Every structure is written in structure tokens, then in C-alpha cells.
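This briefing is meant for a reader meeting the structure for the first time. Please look over the sequence and the model before reading the notes below.

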Amino acid sequence: MKKIHNFSAGPCILPQEVFEKSAEAILNFNGMGLSLLEISHRSKEFIAVMDEARAIAKRLLRLGDDYEVIYMGGGASFQFVMIPYNLLSPNGKAAYTDTGVWASKAIKEAKIIGNVDVLGSSKEDNYSYIPKIEEVGSEYDYFHCTSNNTIYGTEMKSFPKTHCPLICDMSSDIFSRDLDFSQFDLIYAGAQKNMGPAGVTMIVIKKEILEKANATIPNFMKYKVHIDKESMYNTPPVFPIYASLLTMQHLEKNGGIAEAEKRNIAKAKLIYDEIDRNDLFQGYSKTEDRSLMNVSFYLKDEKLSPAFDAAWKEANISGLKGHRDLGGYRASIYNAMPVESVQVLVDVMKNFKA
Ligand SMILES: *Cc1c(COP(=O)(O)O)cnc(C)c1O
């Protein structure tokens, strides 16, 4: 098989070891003589997977017993719905920051059931920067933000001081950089950007924020139900959870989030330096808000794009096209992306200029 350098934004690259162990589990899970795909989710073997998937996430994020981890289907998009249903009180107000398409979808869902104030927005500038918000008051039921804007390549470097629960969509930068995760009251991430295959979402919740949760919503929508049932209220997405566990184990073995962050900074520097040095290219996002995970850029002269496209395809690069809303190029350099592949792309850009 020829080596492809996969810069896809999601679903995306995962560690090779995860692909191999996942394939093995599909054929013969834990030496049981059965496929992971045919065993009961209530078997002791799968319950062990679920328990470890919940525990390892908290270890990686350095969170204690005041937090719970749940896994469920529906994608990050279902969390856009569950969050207001659980946490926005009938006469209350939620605060959001509008930093991109995903953030605005979250806002749209919350507005269906309650009052929303948008405290910052970069929509007018097509989301090329992160609006700064210093503090959020206690008049809100919660504040929601998106730590990394996958399409534009902007990333929040700091988070406001909030006097209400702080909620963050970390779908595209979970486990990629070290933060004080205890500042967050709810973190969620669709797996398919940095932690596993599509089909499962991880939700990390500080238990105390559920004391005020709405009780008159369908059971399936209640965080408390999924916590009490240890993510087995209904059949969980067994395979994506297992593959996510393998990815988290791989991360833990390789030095955890702190080491991943060092590798990610080095990879991002390599490509941003080339974008800044090479006058054929221009970065999309404001320099101080540049993402470590998604590098959006474009050719200053669009007429060169057929030749540039041919050059990177020739180098076995895939998935470099920008999002359909933005055009240009986007190099997604998630945790599993090796620095060698980033170097291949940088060399293509250098040679293209030469
Ligand atoms: C991809 C993405 C989503 C949507 O995820 P789904 O799992 O497809 O619902 C939400 N937020 C961010 C930041 C994303 O990158």
C-alpha cells in the first residue's frame, strides 16, 4: 500500500496502531474467539472497555471525582440540542460566542427553546479571528464557546472568567493541548476529529451543574440518565468507543496531552513558518488566533491552483482542499499526523515557489 499523507479535517487520521488493533478486535476480540461487533454491550468484556474509556479520559484531562464522562451517539450536533434542554431554564438566558459555523449552529438550536445573548461574533469578518470576551456574568445559565474552529483554523488561546457554568465544544482540539480543564463545567467532543472514528461523542460534566437541570425533558435527553446508567441507557456505539479507547491509550503511552502539545506546536510552526515565508501563500486566520489543528491558507493567485493541486497530489497528499464554505486549502494536523507528513507538504510548497 502506498503511503498517503492524510490531511483530512474529519473523519481523519488516527494512529496506525489504532487501525491495527481495531481490525484485530473485529476479527477476534480479546482472544474470545468472537468479534467485538457480535458481543453484547453488557458482556463483562465490553463493560471493562466502557469503564476504562470513562476513566482514561478523566486521567488525561486530570479531572477528579466531581466530573463524570459519558459516551453517546448523535454527534457533537446532538450536544447543541442537549445542552440547552438540560441547562437553559424556562425564563433564563444563555450566553454564546459566535466563532464559526459550528458555534452558530449551537446558537440556533438554543434559540429554539430559550433566550440567547451572543456576547461576541466574528461573523462579519467571515470568522477569521476570535472575538475577545473577558468575563461572563452570573445572570446567564451558562456560557458556550467553541475552542477550535475547524473550518477557519482559529483557536481560543484563553477562556473568559465566567460566573456561570463554562461549556466548551472541543470536537476538533480535544487532547491536543494542555489546559486547566477544571475551569470547564461541560466539555464535549465528537470523536471523529481527534479521538476516534465517527459515531460517538464524549461528554465530560461537572456533576454539580446538573443540580439545576430541567427535569421535564425526555429521559433520553437527560445527562443524569446517561450518567446513572454509565452510558448504557441504550446500546452505546460499541466500536467507536473501543477505537477511541485505543486512541486514548496510545496518547497516554506517548506522554499524554503535554507531549502531544509539544509535537503539535512543532508541526504547526513548520507549516505556518512556510506560509509566512513563501509569498505565494497567505494564511487565513489572524496570526494570534491560529489553530494548532487546522491550518487554513490560500494561494494569493488563484490561477496557480491547478498547478499546486497537481503538485501536492503527486506527493501523495490527500484531503488538503479547504471547506466548501471557505475554499482555498486546509491542512488538518491532528495528534496522529506525523511531523514527516507535514514536512512533505512544506517541501511541496517550497518547491512550488522555486
Ligand atoms: C465537526 C464539528 C462538529 C459537528 O460534529 P458532528 O459530530 O458531525 O455533529 C461540531 N463542532 C465542531 C467544532 C466540529 O469540528
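The structure is a predicted model, and the values given here are computed from it. The ligand is surrounded by 13 residues, and the largest nonpolar core has 52 residues.

**The ligand and its surroundings**

- Among the 13 residues that surround the ligand, the closest are Ser77, Thr150, Asp169, Gln192 and Lys193.
- An N or O atom in the side chain of Thr150 is 2.5 Å from an oxygen atom of the ligand, while a polar side-chain atom of Ser77 lies 2.6 Å from an oxygen atom of the ligand.
- Ala76 takes part through its backbone, with an N or O atom there lying 3.0 Å from an oxygen atom of the ligand.
- On its own the ligand has 390 Å² of accessible area, and the protein covers 88% of that area.
- Helix 3, which spans residues 75-87, supplies the largest share of the shell around the ligand, namely 4 residues.
- By residue class, the shell around the ligand consists of 8 polar, 3 nonpolar and 2 charged residues.

**The nonpolar cores**

- Within the largest nonpolar core, the residues with the most contacts inside it are Phe46, Leu61, Tyr71, Ile174, Phe175, Met202 and Met248.
- The largest share of this core, 8 residues, comes from helix 2, which covers residues 44-61.
- When neighbours within four places in sequence are left aside, Phe46 is in contact with Leu36, Ile39, Ser40, His41, Met232, Pro236, Val238 and Ile241.

- His144 is placed in strand 6, which runs over residues 143-146, and His144 counts as buried because its relative accessible area is 1%, where buried means under 20%.
- The side chains of His144 and Tyr188 are joined by a polar contact of 2.7 Å.
- Not counting residues up to four places away in sequence, His144 touches Ile83, Ala95, Tyr96, Thr97, Ala106, Ile167, Asp169 and Tyr188.
- Asp173 is found in the loop between strand 10 (166-169) and strand 11 (186-190), and with a relative accessible area of 3% Asp173 is buried.
- A polar contact of 3.1 Å links the side chain of Asp173 to the side chain of Arg177.
- Leaving out residues up to four places away in sequence, Asp173 touches Ser147, Asn148, Glu155, Asn194 and Met293.
- The C-alpha atoms of Asp173 and Lys193 are 7.6 Å apart in space, although these residues are 20 apart in sequence.

**Backbone features in loops**

- Most residues other than glycine have a negative phi, and most peptide bonds are trans.
- The peptide bond from Gly10 to Pro11, however, is cis, with omega near -10 degrees, and Pro11 lies in the loop between strand 1 (5-6) and helix 1 (16-27).
- Arg62, although not a glycine, has a positive phi of about 55 degrees, and Arg62 lies in the loop between helix 2 and strand 2 (67-72).
- Tyr127 is likewise not a glycine and has a positive phi of about 60 degrees, and its place is in the loop between strand 4 (115-121) and strand 5 (135-136).
- Arg62 is exposed, with a relative accessible area of 52%, whereas Tyr127 counts as buried at 4% relative accessibility.

Definitions and conventions:
Residues numbered from 1 in each chain as written. Predicted model: local features only at pLDDT ≥ 70, side-chain atom pairs only at ≥ 80, totals over all residues. Heavy atoms only, no water. Near = heavy atom within 4 Å. Polar contact = N/O pair within 3.5 Å; in protein donor to acceptor, adjacent residues only side chain to side chain. Areas by Shrake-Rupley, 256 points an atom, 1.4 Å probe, with all protein chains shown as cover. Helix = DSSP H or I, 4+ residues; strand = E, 2+ residues; numbered from the N terminus. Nonpolar A, V, L, I, M, F, W, Y, C, P; charged D, E, K, R; others polar. Core = buried A, V, L, I, M, F, W, Y, C linked by side-chain atoms within 4.5 Å. Buried < 20%, exposed > 50% of the residue type's maximum accessible area, 1.4 Å probe, protein only. Contact = heavy atoms within 4.5 Å.
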